[in-house]
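Here is a short briefing for a first look at this structure. Keep the sequence and the 3D view open as you read.

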Amino acid sequence: MERYRPSAMRQQKSQTIPQEPNLVPIMNLFLTIIPMLMMMVVISQIALLALNFSQGEGGVTTGGGGGGGGPVTEKVEIHILGKNYAASTNFLGMEIREPGVATKNIPAINGFYDYPSLDKALQEIRSRKGDLNDITVLVHPDVLYGDLMKTIDLCKVHGFSQVHYSAPKVQYY
Amino acid sequence: MHITDKLSSSNKSARRVRRKFEEAKSLSITSLLDELTIILVFLVKNISTEAVKISSDPAIQYPTTITNDELLAKGVATPIKIFPDRIVVGTEALEYGSPADLLENPKKRQDLITYLSAEVNSILQQKDAETCLLVQADYSIPCDYITEIVRAGTAAGYSYIYFATLEDADWLQKYNLSLAQQ
């Protein structure tokens with residue numbers, strides 16, 4: 001028979017429920033860090049469009065295309081014509097110039113550039129020139145930045161990885 | 001103490017037994033802690049100093065593009081923000097002036113080239129760093145100003161120029177629809 005010991009009873013009484021670890025400091029830390037990080041987080045992450053320079057080109061070239069002797073290069077140019085140009089020529093839109101090919105005009109629709117037609121034209125060029133990577137975008141001074149970006153974007157979509165930026169010398173008569 | 005009291009207190013049946021109250025259960029915060037840990041890990045993973053440096057500005061209406069070029073791994077970018085009424089230059093967001101100053105004020109144009117050249121020199125002091133100019137412009141800015149910025153950037157010695165946009169894979173379809181509705 002087990003003997004009863006009064007001291008054992010005392011010991012039982014002193015036993016308490018095991019204490020949980022104190023999480024309050026770590027909670028405080030989290031509650032400080034998380035709002036700080038949420039303030040820093042960028043909700044709308046921006047995309048980037050890289051601009052390429054050809055050799056000997058100083059970023060922005062100025063000129064009207066064409067050129068003299070030397071080997072004929074497969075130079076495709078997209079001219080984005082501005083409203084000031086349209087005032088003198090009655091044509092607002094874009095032109096695609098290729099050596100040996102008639103200039104393709106893409107007129108604007110109700111004052112807005114026709115990007116779906118440009119998309120088709122670039123697709124057609126890509127089907128003819130599968131290994132061409134370079135294309136030049138010549139933009140008139142009064143063309144909006146958004147229209148320039150859309151044009152460069154379509155060029156990149158169709159695999160023209162080297163998009164050159166050029167500003168033509170514009171003379172209005 | 002009276003004897004009767006003594007007798008009554010010794011009577012076991014009459015002894016008052018104090019009821020033992022159950023201890024109130026503490027609120028378990030373990031699940032909350034787990035959730036906070038997940039959020040913290042997610043935020044730490046997604047955050048980067050570069051993203052902060054080239055974060056989008058709510059005052060700029062960015063053009064949308066399908067493609068998204070990656071910034072060079074060793075590229076150190078100098079941002080230039082062109083708002084319709086002002087230009088802000090560098091990571092310190094220094095006020096430059098109005099976009100018109102780029103075309104009309106030769107001194108201010110030279111100041112910009114000088115500043116950008118100093119930025120290029122400081123970037124090149126870092127090992128293997130590539131100089132990148134990041135143009136963040138509003139959709140409605142005429143390209144004349146963009147051309148001047150690109151000219152200034154290349155004159156200062158930047159090797160790469162990037163334009164900031166918002167990625168939208170469907171912009172052409174949306175544009176096509178809006179053209180058809182007109």
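In chain B, helices H5(B) and H6(B) meet through a defined set of residues. H5(B) brings B:Arg109, B:Leu112, B:Ile113, B:Leu116, B:Ser117 and B:Val120. H6(B) answers with B:Ala152, B:Gly153, B:Ala155 and B:Ala156. By class, this contact holds seven nonpolar residues, two polar and one charged. Note that the model is predicted.

**The H5(B)–H6(B) crossing**

- H5(B) spans residues 106–124, and H6(B) spans residues 143–156.
- Their axes come within 8 Å of each other.
- The two helices cross at roughly 45 degrees. H5(B) and H6(B) are therefore oblique to each other.
- The crossing of H5(B) and H6(B) is right-handed.

**Chain B as a whole**

- Chain B has seven helices and six strands.
- Along the sequence, the elements of chain B follow the pattern α-α-α-β-β-β-β-α-α-β-α-β-α.
- Chain B has 182 residues, and 23% of them are buried.
- Take the contacts in chain B with a separation of 6 or more: 74% of them link residues 24 or more positions apart.

**A helix pair in chain A**

- H4(A) and H5(A) pack with their axes 10 Å apart.
- The angle between H4(A) and H5(A) is about 30 degrees. Angles under 35 degrees count as roughly parallel, so H4(A) is roughly parallel to H5(A).
- The crossing of H4(A) and H5(A) is right-handed.
- From H4(A), the contact uses A:Tyr115, A:Leu118, A:Asp119 and A:Leu122.
- From H5(A), the contact uses A:Lys150, A:Thr151, A:Leu154 and A:Cys155.
- Five residues of this H4(A)–H5(A) contact are nonpolar, one is polar and two are charged.

**Strand S6(A) and its partners**

- Is strand S6(A) mostly covered or mostly uncovered? S6(A), residues 134–139, is mostly covered, with five of its six residues buried.
- S6(A) pairs with strand S3(A), residues 77–80, in the parallel sense. Four bridges make up this pairing.
- A:His79 stands opposite A:Leu138 of S6(A).
- S6(A) also runs parallel to S7(A), and five bridges join the two strands.
- A:Ile135 has A:Val163 in S7(A) as its bridge partner.

**Where the chains meet**

- The contact between the chains takes 42 residues from chain A and 48 residues from chain B.
- The side of chain A that touches chain B divides into 31 nonpolar residues, six polar and five charged.

**A strand pairing across the chains**

- S1(A) pairs with strand S6 of chain B, residues 160–167.
- Six bridges join S1(A) and S6(B), and the two strands run antiparallel.
- One of the pairs sets A:Leu49 against its bridge partner B:Phe163 in S6(B).

Definitions and conventions: Residues numbered from 1 in each chain as written. Chains lettered and ligands numbered in written order. Predicted model: local features only at pLDDT ≥ 70, side-chain atom pairs only at ≥ 80, totals over all residues. Contact = placed C-beta atoms within 7 Å. Nonpolar A, V, L, I, M, F, W, Y, C, P; charged D, E, K, R; others polar. Pairing = 2+ DSSP bridges. Axes fitted to C-alpha atoms, helices over the stretch in contact; angles between N-to-C directions. Parallel < 35°, antiparallel > 145°, perpendicular 65-115°, else oblique. Left-handed = near helix turned anticlockwise from the far one by under 90°. Buried ≥ 20, exposed ≤ 12 C-beta atoms within 10 Å, placed from the backbone.
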